[in-house]
Every structure is written in structure tokens, then in C-alpha cells.
Amino acid sequence: MDIIAEKGETLVFCEVKYLPHGDVETLAHELSLSKQQKIIKTAKCYLEKYRQYSSRIIRFDVLAIDVPGLEPVHHIANAFSE
């Protein structure tokens, strides 16, 4: 988990991937189901510790940095869910 941010009533857990020598396929591989499950598990631990956020809407985003074929900072909102 790289970034945890608030946007209105939403708590956004964001994974950042820097892949200057990758491509969209590499990005998909980096965000495998097991990686997504680890991010979700980390988010649940965070929410257990910081219960003041337990009523928030939760979203999982990805920022892809310098991936050839994409804009320099490619934001994928709601990249995956539980």
C-alpha cells in the first residue's frame, strides 16, 4: 500500500507502480489477484486499527508511472474490489 487518501466520504487505498521498461501487460501482471488480495488484507488491517474510517466508502486505485504506451501518470480509479 503506497498511498491512503480521503476524497470526500471515500477512503482511497492506492498502489503505485513505476514501470518505465514495462507495458500494459506488465502492469496487469504486477496487479495479479494475489497482489490485490494482499492490498485488500492490508486495507482491512488499517481499518481495524483506525476505526474512525470504518463507515467510509472504500476504493482501490492504481497509479501507473512511466508505463510506455500510457500517459506519464495513469490513474486507474476503482482498479479492483473485494
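These legends accompany close-up views of a predicted model.

**View 1**
The strands follow the order β1-β2-β3-β4, and their pairing is mixed. At the edges stand β1 (3-7) and β4, each with a single partner strand, so one side of each has no neighbour in the sheet. Averaged over the sheet and ignoring direction, neighbouring strands are turned by 30° against each other. The strands β1 and β2 run antiparallel and are joined by five bridges. For a landmark on this pairing, look for Ile 3, whose bridge partner in β2 is Cys 14. Helix α2 lies across β1, β2, β3 and β4, and runs at about 140° to β2.

**View 1. The largest nonpolar core.**
In soluble globular proteins, nonpolar side chains tend to be buried together. Here the largest nonpolar core has 15 residues, and those touching the most other members are Leu 11, Phe 13, Leu 27, Leu 47, Phe 60, Val 62 and Phe 80. The elements β2, α2 (33-49) and β3 (57-65) each give two or more residues to this core. The largest share, four residues, comes from α2. Follow Phe 80 and you will find it in contact with Gln 36, Ile 39, Ile 40, Phe 60 and Val 62, leaving aside neighbours within four places in sequence.

**View 2. Phe 13 and Tyr 46, an edge-to-face pair.**
The structure holds five aromatic pairs, and this view shows one of them. The ring centres of Phe 13 and Tyr 46 are 5.8 Å apart and the planes stand at 80°, so the pair is edge-to-face. Because Phe 13 lies in strand β2 and Tyr 46 in helix α2, the pair ties together parts that are 33 residues apart in sequence. Phe 13 is buried, at 1% relative accessible area, whereas Tyr 46 is partly exposed, at 21%.

**View 3. Phe 60 and Phe 80, a stacked pair.**
Here the aromatic pair of Phe 60 and Phe 80 is stacked, with 5.2 Å from centre to centre and 15° between the planes. Phe 60 sits in strand β3 and Phe 80 in strand β4 (residues 73-80), so this pair links parts that are 20 residues apart in sequence. Phe 60 is buried, with a relative accessibility of 7%, and Phe 80 is buried too, at 8%. If you widen the view, ring pairs link Phe 13, Tyr 46, Tyr 50, Tyr 53, Phe 60 and Phe 80 into a cluster.

**View 4. Glu 15, a buried residue in strand β2.**
Glu 15 lies in strand β2 (residues 10-18). Its relative accessibility is 5%, so Glu 15 counts as buried. Not counting residues up to four places away in sequence, Glu 15 touches Met 1, Asp 2, Leu 31, Lys 35, Ile 39, Asp 61, Val 62 and Leu 63.

Cys 14 is in no disulfide, and the nearest cysteine sulfur, that of Cys 45, is 19 Å away. Such a distance is too far for a bond, because the cut-off for a disulfide is 2.5 Å between the sulfur atoms.

Notes:
Residues numbered from 1 in each chain as written. Predicted model: local features only at pLDDT ≥ 70, side-chain atom pairs only at ≥ 80, totals over all residues. Heavy atoms only, no water. Buried < 20%, exposed > 50% of the residue type's maximum accessible area, 1.4 Å probe, protein only. Contact = heavy atoms within 4.5 Å. Core = buried A, V, L, I, M, F, W, Y, C linked by side-chain atoms within 4.5 Å. Phe/Tyr/Trp six-rings, centres within 6.5 Å; stacked < 30°, edge-to-face > 60°. Pairing = 2+ DSSP bridges. Axes fitted to C-alpha atoms, helices over the stretch in contact; angles between N-to-C directions.
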